[in-house]
Amino acid sequence: MKKNILLLIFLISLPLHAITGDNFEEVDGRGLAIRTNPQGVRIFIDGVERGITPAVFENLVSGEHHIRLSREGFKDRNFNVTLFNTSRLVVSIEMEEARGIALVSIYKEQDSPLPFNPQIFANASSINENKNELSLPLGYNTIRVRAFGWEDASVTVLVDEHATAAADILMRPAAFKMENASVSRRRFNPLNSGQLGITEYRFEVTAASAGALTIRNSQGITVYTEQLKPFDTWVQHVTWNGRDEEGNPLPQGIYTVLIEAETVSLKMETEISYSVNTFPLSLSSGISGLVFSPMPHVLPAGSYQFNAGILCFTEKKINADKSIFNPIGFPFKIGMRVSPLEKLELATVFNINPYLHDHAGWGVGGSVKYNFLKGPFLLSAAGSYSWADSRGEYPLSAGKGAGFHLPLSYEFKLAGSGAFSFVLCPALFWKGPQGLSPEFLLSAGLLYHGSFFNAGLSARYEQDFTFAENRNFHAGAEAHIFPAPSNLVFSLKAGTQIRKEQAGLFGYIGMGLIY
């Protein structure tokens with residue numbers, strides 16, 4: 001009985017997509033086991049209903065038995081099996097859906113010059129383009145037809161296995177409408193690189209027409225106009241880079257956006273703000289910033305950054321006779337930061353450490369950061385937490401535990417493009433069972449961020465409150481390149497660190513995207 005239950009649990013846990021076609025297999029045991037895709041099929045053995053799939057029948061007598069499998073909406077399956085006392089027969093069956101034919105005839109109002117390229121949708125899930133004979137499940141089915149410039153039309157038909165259902169649909173020209181307007185970035189900085197320095201307006205139309213985009217400043221003065229391409233599909237996109245018709249960046253402020261076509265217009269608002277600096281940062285410790293120093297910067301609401309890379313790490317004992325650095329491993333890291341709300345940023349990092357002379361380890365980390373000050377001085381508060389198994393601690397992180405950080409920076413903008421950020425970040429870090437008293441972390445750095453790349457230097461000093469001799473020091477350099485017009489980011493990092501009695505060197509190469 002116990003083996004029976006274990007086999008049934010095993011049959012239920014098997015993924016349904018593992019059943020492709022029919023399979024009959026003899027295994028150790030006795031009797032008959034039946035599983036199907038989908039599950040819940042009624043089982044008839046020698047004309048008697050015995051249950052639903054998956055099921056195990058251990059006490060069937062040896063010899064030949066007739067099996068019928070039945071479920072509504074699927075074709076019955078009939079087959080014979082022969083059972084032996086020395087083995088159990090496991091039967092896997094893929095049920096075939098019962099279907100019928102529906103013939104769709106589409107008519108349009110006469111004398112209409114509109115282009116006519118209908119798309120046929122069946123039950124809102126399957127799409128059949130320019131196909132009038134549809135194979136559909138038995139029962140009632142909804143057939144919908146769409147064509148740009150025409151009103152949507154639908155009909156419900158009863159599909160039978162033994163007769164062809166007829167669906168006659170009449171299409172009428174659609175009245176022109178514009179609706180469902182949205183903007184990708186309500187606040188943006190035209191000086192940001194590539195796609196980061198534009199905003200996109202999306203809207204839907206029902207028929208062909210031509211429109212125009214008009215941008216007006218807060219005084220109602222038109223600062224930019226653009227004739228839009230003729231509408232030839234439902235969803236439309238138009239972008240604006242925050243500049244006038246001569247290509248000059250416009251002053252920051254609120255701008256009114258009008259999209260007009262025929263007698264219909266859509267109205268939206270966009271803010272140009274040169275304080276919205278969107279550029280990639282490192283995520284080595286699960287909190288964004290320089291390699292060894294968190295920064296107060298947060299992404300604009302709705303933006304995100306994703307990156308992945310490989311670290312090459314070597315170390316040696318400081319007082320060892322040999323001066324050779326031994327390679328330790330090549331940790332792989334995946335990180336992401338996203339801003340769901342204005343001034344708030346969430347970040348996470350996952351790493352795998354495949355050490356050369358030991359088993360691999362893994363770790364995770366994350367942080368929440370909120371920005372308080374904007375302007376030349378930026379200040380944020382952040383909480384972070386990281387965990388790793390015995391071999392999964394990321395070499396550049398502060399370790400396993402929870403931290404509270406107060407990153408502060410001063411922004412110094414250059415006369416041309418770009419700016420420098422001077423960063424200072426005090427933090428308290430608790431390593432939990434490894435040390436109940438917190439450690440004090442002090443990090444600092446300098447970052448230059450330009451229109452398509454940024455580069456920085458950073459250092460971090462770690463000291464526990466026992467003032468023992470096992471102080472840690474880290475220093476590194478980094479560069480991130482994000483060339484327009486793509487959203488790709490290419491990253492390089494290198495540096496050194498001293499941890500207790502070990503000295504280490506590292507190099508990093510990575511790639512990601514920012515939007």
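Residues are numbered from 1 along each chain as its sequence is written, and side-chain values use heavy atoms, with hydrogens and water left out. Since the model is predicted, local features need pLDDT of at least 70 and side-chain atom pairs count only at pLDDT 80 or more, while totals for chains, interfaces and linings use all residues.

Strand β27 (residues 344-353) pairs with strand β28 (residues 361-373) in the antiparallel sense over 10 bridges; two strands are said to pair if DSSP finds at least two bridges between them. Within this pair, Phe350 stands opposite Val364 in β28. Strand β28 is also joined by 10 bridges to strand β29 (residues 377-388), and these two run antiparallel, with Val368 standing opposite Gly383 in β29. The hairpin of β28 and β29 has 3 residues between the strands, and in this hairpin Gly375 takes a positive phi near 120°.

Strand β27 also holds Asn353, which counts as buried because its relative accessibility is 1% (buried means under 20% relative accessible area, exposed over 50%, and partly exposed in between, with a 1.4 Å probe and protein chains only). The side chain of Asn353 is joined to that of Asn351 by a polar contact of 3.2 Å, a term for a pair of N or O atoms within 3.5 Å, where within protein one must be able to donate a hydrogen and the other to accept it, and where residues adjacent in sequence count only if both atoms are side-chain atoms.

A search of the whole structure finds 5 cavities of 30 Å³ or more; on a 1 Å grid over the protein atoms alone, a cavity is a set of points where a 1.4 Å probe fits but cannot get out, and its lining residues have an atom within 4 Å of a point. Grid points are joined across faces, edges and corners, and a volume is the space filled by probe spheres set on the points. The second largest cavity has a volume of about 110 Å³ and is lined by 17 residues, of which Asn351, Val364, Ser386, Tyr394 and Ser397 lie nearest its centre. Strands β27, β28 and β29 each supply at least two residues of this lining.

The largest cavity has a volume of about 190 Å³, and among the 21 residues that line it, Ser285, Ile287, Pro294, His405 and Arg460 are the closest to its centre. At least two lining residues come from each of β29, β32 (419-430) and β33 (439-449).

Elsewhere, an open sheet of 5 strands has the order β17-β23-β22-β19-β20, with mixed pairing. Strands β17 (187-188) and β20 (222-227) stand at its edges, each with a single partner strand, so one side of each is left without a neighbour in the sheet. Within the sheet, strand β19 (residues 211-216) and strand β22 (residues 253-261) run antiparallel and are joined by 6 bridges, with Arg216 standing opposite Thr256 in β22.

Finally, Ser70 is found in strand β6 (residues 63-70) and counts as buried because its relative accessibility is 12%. Its side chain makes a polar contact of 3.2 Å with the side chain of Asp76.

Definitions and conventions: Helices (H or I, at least four residues) and strands (E, at least two) are DSSP runs, numbered from the N terminus. On a 1 Å grid over the protein atoms alone, a cavity is a set of points where a 1.4 Å probe fits but cannot get out, and a pocket is an open set with protein on both sides within 12 Å along at least five of seven lines; lining residues have an atom within 4 Å of a point.
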